[in-house]
Amino acid sequence: MVVAGVLTGLVYGLMALGLSVIFGVVRVVNFAHGEMMTIAMYAATILFAALNVDPFLAVLPIAAAFFVFGYALQKGFINPFITRPEHSQFMLLVAVAIIMVNGLLMVFGPDARNVQTDYQLESFEVGKVLVDKARLYAAGLAVLTAAGLFSFFRFTLTGKAIRACADNYLGAKVVGLNVKHLYAFTFGLGSICVAVAGCAMVVLVDVTPGLGPYYTLLAFVIVIVGGLGSMGGALLGGVLIGVSEALAGLYIVPSAKSMFSFGLLILVLLFRPQGLLGRKA
Amino acid sequence: MNRRAAAGLLILAALLVAFPWMTGPYALSVATLILYFAYAGQAWNVMMGFAGQLSLGHSLYVGVGAYVAGGIFFHWGIGPWAGLWVAIVLCTLLGLVIGFLAFRFGISGVYFALLTIAFAEFTRIGFDHIAPLGGPGGLFLKVAQRDTIDLLNFRGPPIMYYYAILALTAGAFIACWKLLHSKVGYYWQAIREDEEAARALGINVFRWKMLAMAISSGMTAIAGVFFAFYYNNLFPEQIFNISRSIEIILGPIIGGVGTLFGPILGAAVLTLLSDGITEAFAAMGLDIPGIKQVFYGVVLLVVVMFLPHGIWPAIARKLRL
Amino acid sequence: MKRRQFTQAAAALAAASAFSPFGIVRAQSQKLKVGVILPRSGHLSFIGQSCQKGADLAPGVIKEMLGVDIELMNADFESNVDTARTRAERLIQEGAHVLVGPFESGAAAAIAQVAEQRGIPFVINIAAAPQITEQGYKYVFRNFQTAIDIVRNGLVLMGDLFQATNTVPRTAVFMHVNDTFGQAMAKGIGALFPKQSHLPFKIVDTISYDPTARDLTVEVSKAKASNADFVMLVSRLNDAVLLRREMVKQRWNPMGIVSPGSPGMYEEQYFKALGKLSEHSISNVPWYNPNAKLTKVVEKAFLKQNPKDKLDFHGLNVGFTFEALLVAADAFKRARSTDPKTLRDAIAQTNITEKMSLGGPIKFNAKGQVEGIGSACVQNLKGLPTVVLPKEAAAAKPVFPAPYYKKS
């Protein structure tokens with residue numbers, strides 16, 4: 001069961017990764033994060049229904065589309081808000097989230113949609129432990145994407161430029177970096193993470209229009225616990241939350257397991273606000 | 001406040017007092033709702049606009065206030081006037097604790113907002129498990145016949161509730177006005193503009209911030225008590241929900257954070273907008289679930305983008321108030 | 001005292017006007033305006049829209065059955081209690097003579113207060129919180145079981161199920177969602193289960209879970225570890241799907257999944273999402289009688305309006321929403337007036353035997369609650385929710401334990 005917690009946690013971590021990247025660099029609180037993932041999930045179901053494309057393959061076109069979408073969103077809407085107070089940013093994205101959720105309701109109706117692949121309900125037997133196939137694949141995808149993102153930031157020029165912006169906004173501008181473009185690029189990257197997480201998640205969970213807010217909150221918990229701006233932190237945070245919820249469910253009343261996560265969030269915020277792997281601001 | 005503003009305010013007050021006699025029960029219920037959000041928004045505004053702390057978990061105080069007063073009434077039959085004080089004290093303490101933790105550990109901005117969300121969510125799930133308060137099944141307060149006004153138990157026809165919330169909102173407005181124009185208000189302004197400079201000047205930032213937190217949470221508690229006795233049923237899932245927190249802050253943000261009239265105007269605009277869109281769609285014969293909220297979201301978006309300081313400052317400037 | 005006299009006078013007046021020639025003409029040309037408040041958006045949207053189907057087909061069927069014209073005024077309360085209240089006020093202002101709705105207990109309580117305050121009768125189609133009819137309201141009526149009734153009937157049906165299939169499960173694990181409904185049911189089970197002497201099993205573990213949880217691995221693990229013979233489940237739709245899937249993933253095959261009364265397993269989504277895995281799940285819920293004359297009429301109308309759908313999936317939602325409107329229309333026919341007080345008294349006198357839900361005739365007690373609504377044991381067979389008990393209403397024989405059962 002801990003295994004299941006770890007695997008699910010990795011997928012959560014991937015979603016949180018997108019948020020961490022965005023918040024770490026652009027410093028915008030993306031309260032529409034969960035809704036974006038919901039849209040990705042719907043996209044995956046459409047591709048599956050229409051063309052019988054397995055979500056893990058649908059990742060590629062969907063991620064690409066999301067990059068463009070994220071880039072446009074940042075450049076078009078969010079850019080002017082970077083210097084605005086947090087509550088304005090928050091309001092902007094809440095409005096975006098409302099539009100997304102209800103737009104989805106209008107287009108797709110209230111019924112849950114899902115993807116039915118062959119391996120969805122199978123499990124591997126590893127010793128005494130049953131490992132859920134779908135979860136394993138999803139987690140694998142998450143790790144792969146995270147690794148990809150990590151190497152991007154480490155080894156490419158753009159990646160380094162983005163990191164520079166995050167570290168020192170003014171300095172970056174002085175050096176001549178096109179910060180606006182880089183911010184948008186980062187948002188695009190974050191959106192890719194969200195898209196991939198969505199494709200992975202749709203194999204595990206059915207999608208309904210109102211799925212977003214729950215995941216947005218979860219992503220924030222993970223990002224704070226794991227550490228803003230730290231990719232490893234996001235994944236670690238995801239795993240931690242996944243496992244702690246599993247254990248809390250086991251030893252305490254399952255319906256209270258989220259309480260544990262929020263309690264953890266409070267503790268982290270108080271005693272180690274930079275998160276487990278984050279750097280001190 | 002200049003003569004124009006004072007005159008405008010008096011006219012508005014007169015209109016509001018006469019309102020129930022001019023309109024029907026539907027309008028009255030909408031007006032009551034507007035005033036509720038105006039009041040709650042005003043309370044939140046103290047923390048945000050005056051002390052600069054973004055609280056996204058204000059439903060915590062509404063919920064605790066409601067459950068405390070409601071629970072006391074439910075279990076021991078003690079009327080809301082007693083429960084009110086317990087609720088205020090408890091919520092003020094809660095606000096102080098959160099404020100203290102935030103200050104002590106240097107949490108501000110987004111992190112503070114997330115802290116408040118965490119507390120609200122934690123409490124929500126917690127209350128789901130408190131059986132004596134009904135748990136997720138909800139707390140249902142006994143509703144007596146509502147023809148006669150029973151102030152002691154806060155029961156009566158809708159008009160009574162309207163005047164009650166009107167009094168609360170007016171009281172909050174006056175109280176905030178007095179606070180803003182007092183020494184405390186100037187301290188708050190200084191802290192909001194530049195905290196470092198304020199501290200350098202010798203202002204005890206901690207004390208004044210705590211005061212704002214306390215006032216805000218205490219005021220919100222009263223909203224909770226009102227809610228409990230107006231709706232007469234409480235569900236943790238609904239009352240502590242983050243969507244409720246968001247509802248509370250929509251008014252002040254759209255109306256104008258930090259202003260006195262902003263929350264009231266914002267609450268009015270938003271509620272009327274919401275109902276207005278529903279009516280418009282009904283009149284057009286369009287019956288697509290979800291479309292109204294999309295429009296609502298778009299309007300929100302537009303306002304936030306083009307009127308970053310809220311509607312009220314723009315209007316006030318135009319009217320030269 | 002005064003009230004009763006007034007009621008008698010009103011009844012006399014109503015009777016008098018019924019016999020006067022003007023009264024008859026008035027009744028025929030009058031329409032009953034019914035405010036239908038349902039959650040068609042928000043998190044309850046799919047149920048609200050399902051109930052709406054029941055409302056939409058009602059005017060036609062009722063016109064044929066009773067010769068009465070009803071006009072629907074539809075309102076969406078967006079799964080939000082504040083909106084429920086203002087929508088109810090709005091409908092009353094626009095001239096609704098009676099209100100019907102809302103599926104959710106919180107909204108029902110809010111609307112009930114408005115209805116009581118304004119003196120407009122309110123017929124609840126579906127809402128299980130017992131407190132709603134305990135408040136002493138005069139204008140609120142509920143044609144649905146309270147959580148206690150649901151549990152009682154559900155447990156009795158369980159006993160019947162085991163008898164009919166000649167099985168004797170020894171242990172059960174009780175899993176329930178921790179929300180308003182789930183908790184009311186759990187309370188009911190806690191109170192009634194120990195008194196049921198004819199049930200052969202013990203509850204070895206109770207596992208409650210968060211309604212918003214997307215991952216129920218832990219819960220299913222715990223349940224599996226209890227080694228219970230079968231699962232007693234009170235759930236909503238999404239968690240029922242999650243649980244069933246998780247059971248397969250964890251390779252746990254108990255005798256079956258039996259609900260003492262909850263939504264989820266008989267809904268279309270459950271079948272769509274699980275395909276073959278949805279087979280053999282059992283729900284003991286208030287349901288319509290497939291053999292009733294009225295059911296066949298309603299089904300025809302339903303298929304006409306929703307050709308691609310099946311009534312079976314919407315049995316509960318459509319059935320009870322339709323009946324709520326039937327109650328309003330029937331009262332209107334007898335009262336021959338749209339005056340709310342007269343209507344209210346007429347509703348209190350309701351005695352409808354020609355109905356579609358199982359159980360005795362629709363009759364309200366002094367608290368406005370119907371007693372004697374029956375539940376059915378509905379099993380998922382061949383991709384459709386099928387009534388298997390009681391025998392008189394059954395379309396097939398119950399299958400228990402399920403074929404996938406593996407003795408561990």
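## A buried glutamate and its surroundings

At 4% relative accessibility, Glu89(C) counts as buried. Bear in mind that this is a predicted model. Glu89(C) sits in helix 4 of chain C, which covers residues 81–93. Leaving out residues up to four places away in sequence, Glu89(C) touches Pro25(B), Tyr26(B) and Ser29(B), along with Val114(C) and Arg118(C).

**Helix 4 of chain C**

Helix 4 of chain C has 13 residues, and 12 of them are buried, leaving the helix mostly covered. From first C-alpha to last, helix 4 of chain C reaches 19 Å, close to the 18 Å expected at 1.5 Å a residue.

**Salt bridges**

What does Glu279(B) pair with in a salt bridge? The partner is Arg90(C), and the closest N and O atoms are 2.7 Å apart. Glu279(B) belongs to helix 12 of chain B (residues 262–284) while Arg90(C) belongs to helix 4 of chain C, so this pair joins two chains. Arg90(C) is buried, with a relative accessible area of 18%, whereas Glu279(B) is partly exposed at 22%.

Over all chains, a search of the whole structure turns up 17 salt bridges.

| Glu279(B) | Arg90(C) | 2.7 Å |

Buried or partly exposed: which is Asp309(C)? At 11% relative accessibility, Asp309(C) counts as buried. Lys53(C), at 23%, counts as partly exposed.

Asp330(C) and Arg334(C) make a local pair: both lie in helix 12 of chain C, 4 residues apart, or about one turn of the helix. As a general point, an α-helix has 3.6 residues a turn, so residues three or four places apart point the same way. Asp330(C) is buried, with a relative accessible area of 15%, and Arg334(C) is partly exposed, with 35%. Elsewhere, salt bridges that share partners tie Asp275(B), Glu279(B), Arg87(C), Arg90(C) and Glu94(C) into one network.

**Helix 9 of chain C**

Helix 9 of chain C (residues 237–249) has 13 residues and reaches 19 Å from its first C-alpha to its last, close to the 18 Å expected at 1.5 Å a residue. Of those 13 residues, 11 are buried, so helix 9 of chain C is largely enclosed by the rest of the structure. Among the buried ones are Leu237(C), Val241(C), Leu242(C), Leu243(C) and Met247(C), but also Asp239(C), Arg244(C), Arg245(C), Glu246(C) and Lys249(C). Following helix 9 of chain C comes Arg251(C), with a positive phi near 55 degrees.

**Nonpolar cores**

Which residues touch the most other members of the largest nonpolar core? They are Met201(A) and Tyr215(A), in a core of 218 residues. Helix 2 of chain B (residues 25–50) gives the most to this core, with 18 residues. Setting aside neighbours within four places in sequence, Met201(A) is in contact with Val11(A), Tyr12(A), Met37(A), Met41(A) and Tyr215(A). Apart from this core lies another, of 116 residues, with Leu57(C), Tyr288(C), Ala331(C) and Val388(C) among them. In soluble globular proteins, nonpolar side chains tend to be buried together.

**The sheet in chain C**

Chain C also has an open sheet of 7 strands, in the order 7-6-8-9-10-11-12, with mixed pairing. Strand 7 (202–209) and strand 12 (384–389) of chain C are the edge strands, each pairing on one side only. From one strand to the next, the twist averages 30 degrees. Strand 6 of chain C (residues 171–177) runs parallel to strand 7 of chain C, and 7 bridges join the two. Val173(C), for instance, has Asp205(C) in strand 7 of chain C as its bridge partner.

Terms used. Residues numbered from 1 in each chain as written. Chains lettered and ligands numbered in written order. Predicted model: local features only at pLDDT ≥ 70, side-chain atom pairs only at ≥ 80, totals over all residues. Heavy atoms only, no water. Pairing = 2+ DSSP bridges. Axes fitted to C-alpha atoms, helices over the stretch in contact; angles between N-to-C directions. Core = buried A, V, L, I, M, F, W, Y, C linked by side-chain atoms within 4.5 Å. Buried < 20%, exposed > 50% of the residue type's maximum accessible area, 1.4 Å probe, protein only. Contact = heavy atoms within 4.5 Å. Expected span 1.5 Å × (residues − 1). Salt bridge = Lys/Arg side-chain N within 4 Å of Asp/Glu carboxyl O.
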